[in-house]
2 protein chains.
Amino acid sequence: MSRPPRETAAVPAEPKPGRRTSQRPTIRDVSRLAGVSRMTVSRVLSDPELVLPTTRDKVLKAVADLGYVPDKTAGSLSSRRTGFIALMLPTLTNANFAAVAHGLTEALREANYHLLIAYTDYDMAEEERQLLNLLARRPEAIVLTGAMHRRNASRMLMAADVPVVEIADLPSQPIEHAIGFSNYQVGRTAARYLLDRGFTRIGALAASPDGEVTDHRGEERMRGFEDELRLARLPTDAVLRHGSAPVSFHHGATAFRALIEAQPDIEAIFAVSDLSAVGAVMEAQRMNIRIPEDISIMGFGDFEIGREINPALTTIHVDFRALGLRTGKMLVDMLASDATPAPSVVDVGLRIVERASIKDR
Amino acid sequence: MSRPPRETAAVPAEPKPGRRTSQRPTIRDVSRLAGVSRMTVSRVLSDPELVLPTTRDKVLKAVADLGYVPDKTAGSLSSRRTGFIALMLPTLTNANFAAVAHGLTEALREANYHLLIAYTDYDMAEEERQLLNLLARRPEAIVLTGAMHRRNASRMLMAADVPVVEIADLPSQPIEHAIGFSNYQVGRTAARYLLDRGFTRIGALAASPDGEVTDHRGEERMRGFEDELRLARLPTDAVLRHGSAPVSFHHGATAFRALIEAQPDIEAIFAVSDLSAVGAVMEAQRMNIRIPEDISIMGFGDFEIGREINPALTTIHVDFRALGLRTGKMLVDMLASDATPAPSVVDVGLRIVERASIKDR
DNA sequence: GTGACAAATGATATCGGTCCCATCAAAGGA
DNA sequence: TCCTTTGATGGGACCGATATCATTTGTCAC
């Protein structure tokens, strides 16, 4: 039984004719409610020490009452600090790369940086697109894996005017900083290890570099491996490129079988990744080939599964999580001081983990 | 032989007394060089059709000459669209969660959204902190895994006024949308499967929920498993909570040994994850326990390694990559239309993958 | 009492884009 | 011819914070 509202009274205060405005409270709403200026609110949230406790409490109460969450987009624009660190990876579905991201995040958390991850699925054209996307977000530093940047990408990075760190793979010509290890050395070390134990019929398992995607890092390992064999005047024809990257357990299994068929008298095998190595061990079990009595196998990456299989896998270890941590710490320090440190290259080295998959002789 | 510059000439045009300005070119620089307004530059980059080809070319040339990369921070602030989709995960170092991220990215790429990833390491307090961080970036949607949000987190999400999708674990009380499966059903299905094959001495391997971190999803599976056993009037004392989350291959190995010692006559085991199941199989090999002749084992997650071990692992499969893809597509559609669709809950179900680790009887 | 200085707070310009609307020229219709 | 419509472009306000500098107030030494 209510009368229709009278026209004159009904019209609500027009919310301004301009841009439609959101419902979310802004710093302005907080400042009004707390009866202070916006600047004071900003101070309470970013450097509370600067504000009198009584004022602070008023502001914090207003923040809580409104459910105010500051808009970092606006803050970033104004302060010219986004709090982003960009990370470019080939893929996330690889335990080692995931570990890098994990370590990085951990190191960056305390300094309140947020990782901005992009990945390329081993696709170089995608790398360039992603790099542009990242750069558009104005990260305060850029972390890259691998040294296979196209010319354009390199140019964009130089122009970006933020610290660039290349990790995992030590490039021959670093853009700026680099923390990692040499995949080429991994290959040579593996070959040396097998040679030192007296093997002479030595093979390797890798993906074909001609596939749709190329695993440059893996290919570097193979190059080192072959070089070391050649230095020992041993043939490299048992270094098998089989299937397409990225490798997997299944890749290892099929590649192993193919290698055995091609080179039945093979004595020792280096797999480009523990994934392949583990797959090979599993296939060997199926073929009733004893590891290491009949054939010795070693891998790279020290994945957890390698510790648990039978026999446990001898491998080359690189601590990827520590790599991420270290990179993160370096960046935090670097960004805290506004000095621009000289470009640095750190080789974290590698370590052979001797387990049971190599025959003792 | 150059004379020192005279003082009067040396003073360069002061770059304004105000805020220090960066070197990076802005849209203003592009517009000046191209002889058009800023708006025209903006149009060329976001909707080229609106601009005359001749003008467009002038602008694009200026963009290329300057190496201009638009600042999305500024663009986001103005347009109120950040292009971010937030994703919260327990961890990245789990193949299934990584697969979710992968699928999501893929679906979002075409619509030019960027995933903003945060993870909690299974820590609920961290979840809340990370959520605040994410919200401060003003994502256009939020994707969460798991239904274990604290009260505060839920409140923040409701207030955020963006679509929320909970994935992987179907919550009993969804915040808004949900796409996933029921971990409880996983447990019941596993138990049902073992019961149907006539096993009566049935156990399970899981992490202890009292550890530093709790894997709520895994615990749900155990709950379902135990319920189904109870319904069949079977004891649940062989459902072993051992070690701390998150589980691993090694966890499976030690838990398996502990279970065998406590319950030597066990017939069949359900492991909370393929990781544990594989570890258990490896430990069984070492203990000379034959799988499946002596003990049957099944897992959850359908990790690649399960397909390759001997015997191949029977498991429960959920397609996490497809889950991510589907979620991404849904979000893209949702954000394209400004209508707010009704909350939806989609159960993608699960599938038993029968392989060789369960005894045929 | 007063000047010097520090501490707390406020006013305002600005970050680099995009939104909204205005302007202007060209095309088409009555 | 004049009016309307459409297409291309520009002008200026604005998004929501923070940087910078100014102002106010309080404290202390002389």
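In chain A, 48% of the 361 residues are buried. The structure is a predicted model, and the values below are computed from it. The secondary structure of chain A consists of 14 helices and 12 strands. Its radius of gyration is 28 Å, well over the 21 Å given by the globule rule for 361 residues, so chain A is more spread out than a compact globule. Along the principal axes, the C-alpha atoms of chain A fill a box of roughly 95 × 60 × 40 Å.

Ala74(A) belongs to helix α5 of chain A, which covers residues 72-79. This residue counts as partly exposed because 16 C-beta neighbours lie inside 10 Å, whereas a buried residue needs 20 or more. Between Ala74(A) and Ser182(A) the sequence separation is 108 residues, and the C-alpha to C-alpha distance is 42 Å.

Helix α14 of chain B comprises 17 residues, 320-336. The distance from its first C-alpha to its last is 24 Å, close to the 24 Å expected at 1.5 Å a residue. Its buried residues are Phe320(B), Leu323(B), Gly324(B), Leu325(B), Thr327(B), Gly328(B) and Leu331(B). In an α-helix there are 3.6 residues a turn, so residues three or four places apart point the same way. The cover over the buried residues of α14(B) includes helix α6 (95-109) of chain B, together with the strands β1 (84-89), β3 (141-145), β4 (164-169) and β5 (177-181) of that chain.

The contact between the chains takes 44 residues from chain B and 44 residues from chain A. On the side of chain B that touches chain A, two or more residues come from each of α5 (72-79), α6, β2 (114-119), α7 (124-136), α11 (249-262), α12 (274-286) and α13 (304-308) of chain B. By class, this side of chain B has 19 nonpolar, 15 polar and 10 charged residues. Of the interface residues of chain B, 100% are also interface residues in chain A, so the copies meet through the same surface.

Methods. Residues are numbered from 1 along each chain as its sequence is written. Chains are lettered from A and ligands numbered from 1 in the order in which they are written. This is a predicted model: local features need pLDDT of at least 70, side-chain atom pairs count only at pLDDT 80 or more; totals for chains, interfaces and linings use all residues. Helices (H or I, at least four residues) and strands (E, at least two) are DSSP runs, numbered from the N terminus. A residue is buried if 20 or more other C-beta atoms lie within 10 Å of its own, exposed if 12 or fewer, and partly exposed in between; C-beta atoms are placed from the backbone. The expected span of a helix is 1.5 Å times one less than its number of residues. Two residues are in contact if their C-beta atoms, placed from the backbone, lie within 7 Å. The radius of gyration is taken over C-alpha atoms; the globule rule is 2.2 Å times the number of residues to the power 0.38. Ala, Val, Leu, Ile, Met, Phe, Trp, Tyr, Cys and Pro count as nonpolar, Asp, Glu, Lys and Arg as charged, and the others, Gly among them, as polar.
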